[in-house]
Amino acid sequence: MPPEPLAPDSEIRPGLRRLLRDLDDTVPVTVHDGRLDVMARNAAATEILGPLSSAGRYRRNIVHQGFTATVRHLLGDEGAHRYARWATAELRSAMCRYPDDEHLRSLLAELSATSATFRSHWAQGEVTAGRSAVKHLCHPTRGWLAFQSEMLHDAERDHWIVIYAPAG
């Protein structure tokens with residue numbers, strides 16, 4: 001078995017970029033790397049998730065986003081709690097894969113210093129395995145929408161593809 005990479009690949013496969021573009025108007029899709037930073041998302045994902053914050057060192061990080069007021073508005077109180085728990089466990093998992101990564105270490109330090117909710121979840125010691133879930137998202141004009149989210153892994157590049165299919 002080859003050794004773990006020191007960092008996730010910084011380039012998205014051309015075929016995956018094409019998939020994102022081809023699904024622009026129909027299925028929301030996001031791609032994040034093993035550091036949990038959003039690398040790309042299509043127009044449909046931006047439409048349901050809203051724009052990424054334009055400020056801050058961790059503006060593209062899905063763990064950091066889990067501890068913002070924006071996620072509470074998007075997911076509601078219960079959904080935001082589940083997301084924060086999942087995001088904390090994802091950070092622990094990423095830090096196991098990349099123990100010397102300064103970006104992840106500084107993210108851990110910032111969240112530990114600024115969020116009591118994060119500290120509470122971190123103390124639980126969970127490492128996530130959940131890759132499939134029904135998510136309820138509050139759209140600004142269409143109200144609550146339900147999606148079946150599925151996370152697919154490109155192990156070679158340590159990229160995660162999240163597909164949001166309309167639920168049921």
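This is a predicted model: local features need pLDDT of at least 70, side-chain atom pairs count only at pLDDT 80 or more; totals for chains, interfaces and linings use all residues.
**Helices α4 and α6**

Select residues 69-97 for helix α4 and residues 116-124 for helix α6. Their axes come within 9 Å and cross at roughly 60°. That angle makes α4 oblique to α6. The crossing is right-handed.

Now show side chains. On α4, pick H81, A84, R85, T88, L91, R92 and M95. On α6, pick F118, H121 and W122. These residues make the contact between the two helices. Colour them by type: 5 are nonpolar, 3 polar and 2 charged.

**M39 in strand β2**

Next, go to strand β2, residues 38-41, and select M39. M39 counts as buried because its relative accessibility is 19%, and the cut-off for buried is under 20%.

Which residues surround M39, leaving aside its neighbours within four places in sequence? Select D9, S10, E11 and I12, then V31, H32 and D33, and finally R60 and H159; M39 is in contact with each of them.

For a distance check, pick the C-alpha atoms of M39 and H139. They are 100 residues apart along the chain and separated by 22 Å.

Move to the loop between α4 and α5, where α5 spans 102-114, and select D101. D101 is buried, with a relative accessible area of 7%.

What does the side chain of D101 make a polar contact with? Display the side chain of R35: the contact is 2.5 Å.

Conventions
Residues are numbered from 1 along each chain as its sequence is written. Side-chain values use heavy atoms; hydrogens and water are left out. Axes are lines fitted to C-alpha atoms, for helices over the stretch in contact, and angles run from 0 to 180 degrees between N-to-C directions. Helices (H or I, at least four residues) and strands (E, at least two) are DSSP runs, numbered from the N terminus. Angles under 35 degrees count as roughly parallel, over 145 as roughly antiparallel, 65 to 115 as roughly perpendicular and the rest as oblique. A crossing is left-handed if the near helix is turned anticlockwise from the far one by less than a right angle, and right-handed if clockwise. Contact means heavy atoms within 4.5 Å. Ala, Val, Leu, Ile, Met, Phe, Trp, Tyr, Cys and Pro count as nonpolar, Asp, Glu, Lys and Arg as charged, and the others, Gly among them, as polar. Buried means under 20% relative accessible area, exposed over 50%, partly exposed in between (1.4 Å probe, protein chains only). A polar contact is a pair of N or O atoms within 3.5 Å; within protein, one must be able to donate a hydrogen and the other to accept it, and residues adjacent in sequence count only if both atoms are side-chain atoms.
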